[in-house]
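Please consult the sequence and the coordinates while working through each solution.

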Amino acid sequence: FRHYCKIFLMQNSSIGKKLAFILSTIHAGSALKLWHKLVEYALSANPDQAFFVFPGGKLDSKNIPDHFRNDVYKLVNSSNVDGVISWASSISGSVPVYELENFHNQSKFKNIPFVTIGQKVPGHPCVEFDAYTGMKELVKHFIKIHGARKIAFIRASQSHTSAEERFRGYKDALSEEGIPFDPKLVTEPLS
């Protein structure tokens with residue numbers, strides 16, 4: 001990830017000194033470590049860089065705290081920042097992919113170079129995770145090493161590509177290990 005961000009910054013040398021990182025939250029899950037590391041890396045690569053973090057919640061969320069935080073994204077525009085790193089998969093929530101793309105391609109982002117994390121926006125670079133292989137190997141580990149035969153799965157939003165890849169990896173691992181898929185062990189997709 002650090003290598004890719006370095007390439008992004010080098011290829012977009014016109015970015016200037018104000019870089020924004022937009023994401024859903026800074027206080028939970030993998031965001032706790034990622035945003036700290038990203039700030040650390042950006043500042044070590046360019047000590048004169050101003051690095052702004054915009055934890056604006058999931059887009060169009062019905063969850064009250066996220067809904068109110070969405071206004072933070074209005075601060076990310078060409079008069080405030082010179083480049084954007086968007087953790088697109090974290091902010092996507094349950095919005096359809098086209099709405100996430102529209103959010104990134106709206107006029108305020110139009111003249112700002114940006115890279116996304118976890119969810120591709122056509123025409124822009126993206127750092128993607130191999131969620132499929134990671135989940136598949138994890139499920140196989142539970143089966144082979146721990147002897148698990150009934151493995152539950154909590155589904156995330158169907159509009160979240162990494163979540164769907166994890167679900168596909170789960171099902172494929174069961175199939176490859178000769179364990180029938182049991183829909184009773186899987187939740188409905190969450191939003």
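**Exercise 1.** Which residue in β3 is the bridge partner of Phe21?

*Solution.* The model is predicted, with local features requiring pLDDT of at least 70 and side-chain atom pairs pLDDT 80 or more, whereas totals for chains, interfaces and linings use all residues. Residues are numbered from 1 along each chain as its sequence is written, and side-chain values use heavy atoms, without hydrogens and water. Strands (E, at least two residues) and helices (H or I, at least four) are DSSP runs numbered from the N terminus. Strands β1 and β3 (residues 83-86) run parallel and are joined by four bridges; two strands pair if DSSP finds at least two bridges between them. Within β3, Phe21 has Ile85 as its bridge partner.

**Exercise 2.** Determine how β1 is connected to β2.

*Solution.* Strand β2 (residues 50-55) runs parallel to β1, with six bridges between them. Ala20 has Phe52 in β2 as its bridge partner. Together with helix α2 (residues 31-45), the two strands form a right-handed β-α-β unit; with the strands pointing away from the viewer, the path from the first strand over the helix to the second runs clockwise.
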